[in-house]
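This report describes a single protein chain, with attention to its aromatic pairs and to selected residues in its helices. The sequence and the model are shown first.

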Amino acid sequence: MASQCSSLDSRDTFPVVGSINATPVAAQVESYEGAEKKCISDVRRTFCLFVTFDLLFITLLWIIELNVNGGIQDQLKKEVLEYDYHKSFFDIFILAAFRFTVLILAYAVCRLRHWWAIAITTAITSGFLIAKVIISKLLSQGAFGYLLPIISFILAWIETWFLDFKVLPQEANDENRYITIHSAADTAPLIHPGPLSDGQFYSPPESVADSDEELDDKHDIEKPLV
(Lines give C-alpha, C1' and ligand atoms only; values in the text may rest on other atoms or scores of the structure.)
Protein backbone atom coordinates (compact mmCIF):
# COMPACT_ATOMS: atom_id res chain seq x y z
CA MET A 1 0.00 0.00 0.00
CA ALA A 2 2.85 2.37 0.89
CA SER A 3 4.57 1.61 -2.41
CA GLN A 4 1.37 2.35 -4.33
CA CYS A 5 0.95 5.70 -2.53
CA SER A 6 4.54 6.66 -3.22
CA SER A 7 4.15 5.76 -6.88
CA LEU A 8 1.03 7.90 -7.15
CA ASP A 9 2.79 10.83 -5.47
CA SER A 10 5.73 10.55 -7.83
CA ARG A 11 3.44 10.49 -10.84
CA ASP A 12 1.80 13.67 -9.65
CA THR A 13 5.13 15.36 -8.95
CA PHE A 14 7.06 14.92 -12.19
CA PRO A 15 4.53 16.46 -14.60
CA VAL A 16 4.36 19.50 -12.34
CA VAL A 17 8.13 19.86 -12.48
CA GLY A 18 8.03 19.61 -16.25
CA SER A 19 5.32 22.25 -16.47
CA ILE A 20 7.24 24.57 -14.15
CA ASN A 21 10.36 24.25 -16.28
CA ALA A 22 8.41 24.74 -19.50
CA THR A 23 6.54 27.84 -18.35
CA PRO A 24 9.48 30.34 -18.43
CA VAL A 25 10.59 29.03 -21.82
CA ALA A 26 7.10 29.41 -23.26
CA ALA A 27 6.83 32.91 -21.83
CA GLN A 28 10.16 33.91 -23.39
CA VAL A 29 9.15 32.47 -26.74
CA GLU A 30 5.88 34.41 -26.65
CA SER A 31 7.72 37.64 -25.80
CA TYR A 32 10.14 37.19 -28.70
CA GLU A 33 7.33 36.26 -31.08
CA GLY A 34 5.59 39.47 -30.05
CA ALA A 35 8.77 41.40 -30.78
CA GLU A 36 9.07 39.73 -34.16
CA LYS A 37 5.54 40.81 -35.04
CA LYS A 38 6.48 44.47 -34.56
CA CYS A 39 7.02 46.41 -37.76
CA ILE A 40 10.30 47.79 -36.46
CA SER A 41 12.48 47.19 -33.42
CA ASP A 42 12.89 49.74 -30.66
CA VAL A 43 16.56 50.44 -31.38
CA ARG A 44 15.85 50.88 -35.10
CA ARG A 45 13.00 53.25 -34.27
CA THR A 46 15.42 55.31 -32.19
CA PHE A 47 17.80 55.44 -35.14
CA CYS A 48 15.03 56.67 -37.45
CA LEU A 49 14.10 59.34 -34.91
CA PHE A 50 17.70 60.52 -34.85
CA VAL A 51 17.77 60.68 -38.65
CA THR A 52 14.62 62.82 -38.51
CA PHE A 53 16.25 65.02 -35.88
CA ASP A 54 19.22 65.46 -38.23
CA LEU A 55 17.00 66.87 -40.98
CA LEU A 56 14.96 69.10 -38.65
CA PHE A 57 18.02 70.48 -36.87
CA ILE A 58 19.83 71.37 -40.10
CA THR A 59 16.60 72.94 -41.43
CA LEU A 60 16.23 75.00 -38.26
CA LEU A 61 19.82 76.26 -38.45
CA TRP A 62 19.38 77.16 -42.11
CA ILE A 63 16.17 79.11 -41.39
CA ILE A 64 17.96 80.98 -38.59
CA GLU A 65 20.80 81.78 -40.99
CA LEU A 66 18.30 83.13 -43.52
CA ASN A 67 16.72 85.41 -40.91
CA VAL A 68 20.02 86.66 -39.62
CA ASN A 69 21.32 87.63 -43.06
CA GLY A 70 18.39 89.82 -44.16
CA GLY A 71 15.04 88.00 -44.12
CA ILE A 72 13.80 84.66 -45.31
CA GLN A 73 12.26 85.75 -48.62
CA ASP A 74 15.26 87.72 -49.84
CA GLN A 75 17.75 85.10 -48.71
CA LEU A 76 15.73 82.23 -50.20
CA LYS A 77 15.78 84.02 -53.54
CA LYS A 78 19.51 84.59 -53.24
CA GLU A 79 20.47 81.09 -52.02
CA VAL A 80 17.95 78.97 -53.97
CA LEU A 81 17.00 80.76 -57.16
CA GLU A 82 20.41 82.43 -57.51
CA TYR A 83 22.33 79.48 -56.15
CA ASP A 84 26.06 79.96 -55.74
CA TYR A 85 28.15 77.01 -54.59
CA HIS A 86 30.69 79.28 -52.94
CA LYS A 87 28.21 81.26 -50.80
CA SER A 88 24.94 79.34 -50.44
CA PHE A 89 23.93 77.07 -47.54
CA PHE A 90 21.06 75.58 -49.53
CA ASP A 91 23.14 72.59 -50.64
CA ILE A 92 23.82 71.64 -47.00
CA PHE A 93 20.05 71.50 -46.42
CA ILE A 94 19.63 69.38 -49.59
CA LEU A 95 22.38 67.09 -48.29
CA ALA A 96 20.48 66.59 -45.01
CA ALA A 97 17.27 65.88 -46.94
CA PHE A 98 19.18 63.36 -49.07
CA ARG A 99 20.44 61.54 -45.96
CA PHE A 100 16.96 61.50 -44.46
CA THR A 101 15.32 60.11 -47.61
CA VAL A 102 17.87 57.35 -48.23
CA LEU A 103 18.16 56.21 -44.61
CA ILE A 104 14.42 56.18 -43.91
CA LEU A 105 13.71 54.26 -47.10
CA ALA A 106 16.53 51.80 -46.41
CA TYR A 107 16.17 51.18 -42.69
CA ALA A 108 12.53 52.05 -41.91
CA VAL A 109 10.64 51.07 -45.07
CA CYS A 110 12.84 48.29 -46.45
CA ARG A 111 14.32 47.40 -43.02
CA LEU A 112 17.76 46.55 -44.35
CA ARG A 113 20.21 44.76 -42.06
CA HIS A 114 23.37 45.95 -43.75
CA TRP A 115 25.48 49.07 -43.49
CA TRP A 116 25.92 49.79 -47.21
CA ALA A 117 23.16 52.44 -47.41
CA ILE A 118 24.50 54.56 -44.57
CA ALA A 119 28.04 54.06 -45.86
CA ILE A 120 26.99 55.69 -49.12
CA THR A 121 25.26 58.65 -47.45
CA THR A 122 28.12 59.24 -45.01
CA ALA A 123 30.76 59.05 -47.76
CA ILE A 124 28.86 61.51 -49.99
CA THR A 125 28.23 63.87 -47.05
CA SER A 126 31.84 63.82 -45.90
CA GLY A 127 33.27 64.33 -49.37
CA PHE A 128 30.86 67.13 -50.26
CA LEU A 129 31.35 69.04 -47.00
CA ILE A 130 35.14 68.77 -47.08
CA ALA A 131 35.20 70.00 -50.68
CA LYS A 132 32.77 72.83 -49.92
CA VAL A 133 34.77 74.05 -46.93
CA ILE A 134 37.99 74.04 -48.97
CA ILE A 135 36.62 75.55 -52.20
CA SER A 136 33.77 77.83 -51.07
CA LYS A 137 33.83 81.05 -49.06
CA LEU A 138 31.57 79.91 -46.23
CA LEU A 139 34.17 80.62 -43.56
CA SER A 140 33.99 84.31 -44.38
CA GLN A 141 30.22 84.47 -43.73
CA GLY A 142 30.27 84.44 -39.97
CA ALA A 143 29.40 81.76 -37.42
CA PHE A 144 27.02 79.83 -39.68
CA GLY A 145 29.83 79.28 -42.15
CA TYR A 146 31.48 77.14 -39.47
CA LEU A 147 28.38 75.82 -37.71
CA LEU A 148 26.37 74.25 -40.52
CA PRO A 149 29.17 72.21 -42.16
CA ILE A 150 30.58 70.99 -38.83
CA ILE A 151 27.20 69.97 -37.36
CA SER A 152 26.14 68.27 -40.59
CA PHE A 153 29.43 66.33 -40.66
CA ILE A 154 29.14 65.26 -36.99
CA LEU A 155 25.50 64.16 -37.28
CA ALA A 156 26.25 62.03 -40.34
CA TRP A 157 29.01 60.17 -38.50
CA ILE A 158 26.91 59.75 -35.33
CA GLU A 159 24.25 58.07 -37.46
CA THR A 160 26.87 55.74 -38.90
CA TRP A 161 28.22 54.85 -35.46
CA PHE A 162 24.74 54.28 -34.01
CA LEU A 163 23.65 51.95 -36.81
CA ASP A 164 26.89 49.98 -36.98
CA PHE A 165 27.52 49.57 -33.25
CA LYS A 166 24.01 49.63 -31.77
CA VAL A 167 21.20 48.80 -34.21
CA LEU A 168 22.64 45.95 -36.27
CA PRO A 169 24.47 44.11 -33.42
CA GLN A 170 21.49 44.32 -31.05
CA GLU A 171 19.06 43.04 -33.68
CA ALA A 172 21.45 40.19 -34.51
CA ASN A 173 21.72 39.27 -30.81
CA ASP A 174 17.94 39.39 -30.41
CA GLU A 175 17.48 37.13 -33.41
CA ASN A 176 20.05 34.61 -32.14
CA ARG A 177 18.45 34.64 -28.69
CA TYR A 178 15.03 34.07 -30.23
CA ILE A 179 16.32 31.11 -32.23
CA THR A 180 17.95 29.62 -29.12
CA ILE A 181 14.84 30.03 -26.98
CA HIS A 182 12.60 28.66 -29.72
CA SER A 183 14.78 25.56 -30.19
CA ALA A 184 14.85 25.05 -26.43
CA ALA A 185 11.05 25.24 -26.34
CA ASP A 186 10.82 22.64 -29.12
CA THR A 187 13.15 20.18 -27.37
CA ALA A 188 11.89 20.79 -23.83
CA PRO A 189 9.02 18.22 -23.97
CA LEU A 190 11.46 15.55 -25.13
CA ILE A 191 13.69 15.77 -22.07
CA HIS A 192 11.00 15.84 -19.39
CA PRO A 193 11.01 12.69 -17.24
CA GLY A 194 8.05 10.44 -17.86
CA PRO A 195 5.86 8.78 -15.23
CA LEU A 196 7.57 6.09 -13.21
CA SER A 197 6.17 2.56 -13.18
CA ASP A 198 5.23 0.60 -10.07
CA GLY A 199 8.11 -1.76 -10.66
CA GLN A 200 10.59 1.03 -9.96
CA PHE A 201 9.37 1.27 -6.37
CA TYR A 202 10.12 -1.63 -3.99
CA SER A 203 10.16 -2.23 -0.30
CA PRO A 204 13.53 -2.91 1.33
CA PRO A 205 14.14 -6.54 2.39
CA GLU A 206 13.49 -7.42 6.02
CA SER A 207 16.55 -7.22 8.16
CA VAL A 208 18.07 -10.19 9.95
CA ALA A 209 17.39 -8.61 13.34
CA ASP A 210 13.68 -8.44 12.61
CA SER A 211 13.58 -12.11 11.59
CA ASP A 212 15.42 -13.19 14.79
CA GLU A 213 12.92 -11.30 16.93
CA GLU A 214 10.03 -13.03 15.18
CA LEU A 215 11.62 -16.45 15.84
CA ASP A 216 12.06 -15.66 19.55
CA ASP A 217 8.43 -14.66 19.77
CA LYS A 218 7.37 -17.96 18.22
CA HIS A 219 9.52 -19.93 20.67
CA ASP A 220 8.02 -18.04 23.62
CA ILE A 221 4.53 -18.91 22.42
CA GLU A 222 5.35 -22.59 21.89
CA LYS A 223 6.99 -23.20 25.33
CA PRO A 224 3.76 -23.36 27.43
CA LEU A 225 2.35 -25.88 25.05
CA VAL A 226 5.25 -28.22 25.69
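F53 and F57 both belong to helix 2 (residues 42-68), where they are 4 residues apart, about one turn of the helix. An α-helix has 3.6 residues a turn, so residues three or four places apart point the same way. The model is predicted, and in it 10 aromatic pairs are counted. For F53 and F57 the ring centres are 5.4 Å apart and the planes stand at 10 degrees; because planes under 30 degrees apart count as stacked, this pair is stacked.

F53 has a relative accessibility of 40% and counts as partly exposed. F57 is likewise partly exposed, at a relative accessible area of 27%.

W62 and F90 are both buried.

## Further aromatic arrangements

A cluster of F47, Y107, W161 and F162 is linked through ring pairs. Y85 takes part in another kind of arrangement: K132 lies over the face of its ring, at 4.5 Å from the ring centre.

## Overall fold and confidence

The protein has 7 helices and 0 strands, and the elements run α-α-α-α-α-α-α from the N terminus on. Of its 226 residues, 27% count as buried. Among contacts between residues at least 6 apart in sequence, 78% join residues at least 24 apart.

The mean pLDDT of the protein is 77, and 64% of the residues reach 70 or more. Confidence is lowest in helix 1 (residues 2-37), with a mean of 47, and highest in helix 4, with a mean of 96. Over residues 1-22 the pLDDT stays under 50, and the model has 13 contacts beyond four places in sequence for this stretch.

## Helix 4 and the residue that follows

Helix 4 contains 20 residues and reaches 27 Å from its first C-alpha to its last, close to the 28 Å expected at 1.5 Å a residue. Its buried residues are F90, D91, I92, F93, L95, A96, R99, L103, I104, A106 and Y107.

Just after helix 4, R111 adopts a positive phi of about 55 degrees, a value found here in a residue other than glycine. R111 lies in the loop between helix 4 and helix 5. At a relative accessible area of 45%, R111 is partly exposed.

## The surroundings of Y107

Which residues does Y107 touch beyond four places in sequence? They are I40, R44, F47, C48, L112, H114, W115, W116, A117, I118 and L163. Y107 is located in helix 4 and is buried, with a relative accessible area of 0%.

The C-alpha atoms of Y107 and R44 are separated by 7.6 Å, although the two residues are 63 apart along the chain. The side chain of Y107 also reaches the backbone nitrogen of I118 at 3.3 Å. Through its ring, Y107 belongs to the cluster that includes F47, W161 and F162.

Leaving aside residues up to four places away in sequence, T125 touches L95, R99, S152 and A156. With R99 there is a polar contact between the two side chains, at 3.4 Å. Both L95 and R99 are among the buried residues of helix 4.

Terms used: Residues numbered from 1 in each chain as written. Predicted model: local features only at pLDDT ≥ 70, side-chain atom pairs only at ≥ 80, totals over all residues. Heavy atoms only, no water. Phe/Tyr/Trp six-rings, centres within 6.5 Å; stacked < 30°, edge-to-face > 60°. Helix = DSSP H or I, 4+ residues; strand = E, 2+ residues; numbered from the N terminus. Buried < 20%, exposed > 50% of the residue type's maximum accessible area, 1.4 Å probe, protein only. Lys NZ or Arg CZ within 6 Å of the ring centre and 35° of its normal. Expected span 1.5 Å × (residues − 1). pLDDT = per-residue confidence, 0-100. Contact = heavy atoms within 4.5 Å. Polar contact = N/O pair within 3.5 Å; in protein donor to acceptor, adjacent residues only side chain to side chain.
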